[in-house]
Amino acid sequence: MTETEKQALERLISHAMSDTDQSRRAADFLLAWWNAAQCGGFELTTLWGVDDAIAEDMVTVFAWLSRNKIYPDTLGYEAAFNEIVALWRPELIDEVIPPGRARAGGAR
């Protein structure tokens, strides 16, 4: 992962940990990568609801994903994705986050 791709991913993670409509869309995009079967997919028209910078970060990460068959937890982002699940999919905490793993507190 290049530095540009890593920065795009980390900006999306940061956005997903906020409480706005754009944050929800960033979370939807990231969680579709992590576990679409349980967390839900990502509808491409969702891009219409984010600002250009977030959309560009999504495109950058999507392009990277097309060339790499890897999940975010293997890149060291498991704790961040656990927190995103806790924030945006609290009903899935017990299904998606294995017992004994770090879980973020609080739900929306």
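User: Why does Phe29 count as buried?

Analyst: The relative accessibility of Phe29 is 7%. Buried means under 20% relative accessible area, exposed over 50%, and partly exposed in between, with a 1.4 Å probe and protein chains only. Phe29 at 7% therefore counts as buried. This is a predicted model, in which local features need pLDDT of at least 70 and side-chain atom pairs count only at pLDDT 80 or more, whereas totals for chains, interfaces and linings use all residues. Residues are numbered from 1 along each chain as its sequence is written, and side-chain values use heavy atoms, with hydrogens and water left out.

User: What pattern does the chain follow along the sequence?

Analyst: The pattern is α-α-α-α-α, with five helices and zero strands. These elements are DSSP runs numbered from the N terminus (helices: H or I, at least four residues; strands: E, at least two). Of the 108 residues of the chain, 40% count as buried.

User: How many aromatic pairs does the structure hold, and what makes the pair of Phe29 and Phe42 edge-to-face?

Analyst: The structure holds four aromatic pairs. The ring centres of Phe29 and Phe42 are 5.2 Å apart and their planes stand at 80 degrees, so this pair is edge-to-face. Rings of Phe, Tyr and Trp (its six-membered ring) pair if their centres lie within 6.5 Å, and planes under 30 degrees apart count as stacked, over 60 as edge-to-face and the rest as tilted. The pair links distant parts of the chain, with Phe29 in helix 2 and Phe42, 13 residues apart from it, in the loop between helix 2 and helix 3.

User: What kind of pair do Trp33 and Phe81 form, and how do you know?

Analyst: Trp33 and Phe81 have 5.9 Å from centre to centre and 90 degrees between their planes, which makes the pair edge-to-face. Distant parts of the chain are again linked: Trp33 is in helix 2 and Phe81 in helix 4, 48 residues apart. Trp33 has a relative accessible area of 10% and is therefore buried, and Phe81, at 0% relative accessibility, also counts as buried.

User: Which residues touch the most other members of the largest nonpolar core?

Analyst: They are Leu12, Ile13, Leu30, Trp33, Val61, Phe81 and Ile84, in a core of 30 residues. The elements giving two or more residues to this core are helix 1 (3–16), helix 2 (21–39), helix 3 (52–67) and helix 4 (78–88). Helix 2 provides the largest share, eight residues. A nonpolar core is a set of buried Ala, Val, Leu, Ile, Met, Phe, Trp, Tyr and Cys residues joined through side-chain atoms within 4.5 Å.

User: Is Ala16 buried or exposed, and how do you know?

Analyst: Ala16 has 0% relative accessibility and so counts as buried. Ala16 lies in helix 1. Its C-alpha atom is separated by 6.5 Å from that of Ile84, 68 residues apart along the chain. Leaving out residues up to four places away in sequence, Ala16 touches Ser23, Ala26, Ala27, Leu30, Ile84, Leu87 and Trp88. Contact means heavy atoms within 4.5 Å.

User: What makes Asp28 buried?

Analyst: Asp28 has a relative accessible area of 16% and is therefore buried. This residue of helix 2 touches Gly41, Phe42 and Arg89, not counting residues up to four places away in sequence.

User: How many residues of each class does the lining of the largest pocket have?

Analyst: The lining has 10 nonpolar, no polar and no charged residues. Among the lining residues are Phe29, Trp33, Phe42 and Phe62. Helix 3 gives the most to this lining, with four residues.

How values were computed: 1 Å grid on protein atoms, 1.4 Å probe; cavity = no way out; pocket = protein on both sides within 12 Å on 5 of 7 lines; lining within 4 Å. Nonpolar A, V, L, I, M, F, W, Y, C, P; charged D, E, K, R; others polar.
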